[in-house]
Amino acid sequence: MTISLLLAIVIVMGTLVLLTSIFRLHRLQIHVAATSVPAPPKPYTDKRISHVARGAVDARGVWALAAQPRCFEEVEKSTGSETYVRAHLPSDARRFASGRTLTFGSCRIIIGAASIVVERGNERISVPAPAELYQTASRLYLLARGPGGGPELRAYRVVPQP
């Protein structure tokens, strides 16, 4: 009986050693990957845009003209140092004086002392100061501070109205 007990111990221990070495050899690893799980929507917290009564929009951004695709089409954008950005402003560009109101189709541009406001229907988008608006024969140029605080020059083509 001792030989059969000894033989059973050897078989069980051998099996355990063999299984342990197989698991170590393959090193079972667990991989965790991101999945797309639907979640309930969170409330919008961007303070630059507010929805006033009946879907009206009141916003601030250097992209004010680009937000009016029925009136303006952005064709160029230059960012960088002040010298680099101003070098992209055409030499024949004329700056609009403050106090002017320009109308392009259903869009109005109100030029203040240092800021610009674009209105269309119940939308009102202001370009933060300092902002300047220029015009050539075929383009409008908006020079303002971008989201990072650096100068940004955007060129727009006026969309012909039907």
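Colleague: Is Glu-119 buried or exposed?

Modeller: Buried means under 20% relative accessible area, exposed over 50%, and partly exposed in between, with a 1.4 Å probe and protein chains only. Glu-119 has a relative accessible area of 17%, so it counts as buried. A word on the source: this is a predicted model, where local features need pLDDT of at least 70 and side-chain atom pairs count only at pLDDT 80 or more, while totals for chains, interfaces and linings use all residues. Residues are numbered from 1 along each chain as its sequence is written, and side-chain values use heavy atoms, with hydrogens and water left out.

Colleague: Where does Glu-119 lie?

Modeller: Helices (H or I, at least four residues) and strands (E, at least two) are DSSP runs, numbered from the N terminus. Glu-119 belongs to strand E7, residues 116-120.

Colleague: Which side chains make polar contacts with that of Glu-119?

Modeller: A polar contact is a pair of N or O atoms within 3.5 Å; within protein, one must be able to donate a hydrogen and the other to accept it, and residues adjacent in sequence count only if both atoms are side-chain atoms. The side chain of Glu-119 has such a contact with Arg-108 at 2.5 Å and another with Arg-124 at 2.4 Å. Contact in the plain sense means heavy atoms within 4.5 Å. Leaving aside neighbours within four places in sequence, Glu-119 is in contact with Ser-106, Cys-107, Arg-108, Ile-110 and Arg-124.

Colleague: What does the side chain of Glu-132 join in a polar contact?

Modeller: The side chain of Tyr-134, at 2.4 Å. Glu-132 sits in strand E9, residues 132-135, and counts as buried because its relative accessible area is 17%. Beyond its neighbours within four places in sequence, Glu-132 is in contact with residues including Arg-86, Arg-95 and Tyr-141.

Colleague: How is a pair of aromatic rings described?

Modeller: By the distance of the centres and the angle of the planes. Rings of Phe, Tyr and Trp (its six-membered ring) pair if their centres lie within 6.5 Å; planes under 30 degrees apart count as stacked, over 60 as edge-to-face and the rest as tilted. The structure holds one aromatic pair. Phe-72 and Phe-104 form this edge-to-face pair, with 5.5 Å centre to centre and 70° between the planes. The pair links distant parts of the chain, 32 residues apart: Phe-72 is in strand E3 (residues 72-79) and Phe-104 in strand E5 (residues 101-104). Phe-72 counts as buried at 2% relative accessibility, and Phe-104 counts as buried at 15%.

Colleague: Where is Gly-146 found?

Modeller: In the loop between strand E10 (140-145) and strand E11 (151-158). Gly-146 is buried, at 13% relative accessibility. Apart from neighbours within four places in sequence, Gly-146 is in contact with Val-62 and Glu-152. Its C-alpha atom is separated by 9.2 Å from that of Pro-128, 18 residues apart along the chain.

Colleague: How many helices and strands does the protein have?

Modeller: The secondary structure comes to two helices and eleven strands. From the N terminus on, the order is α-β-β-β-α-β-β-β-β-β-β-β-β. Helix H1 covers residues 2-26 and includes Val-12.

Colleague: What share of the residues is buried?

Modeller: Buried residues make up 28% of the 162 residues in the protein. Among contacts between residues at least 6 apart in sequence, 56% join residues at least 24 apart.
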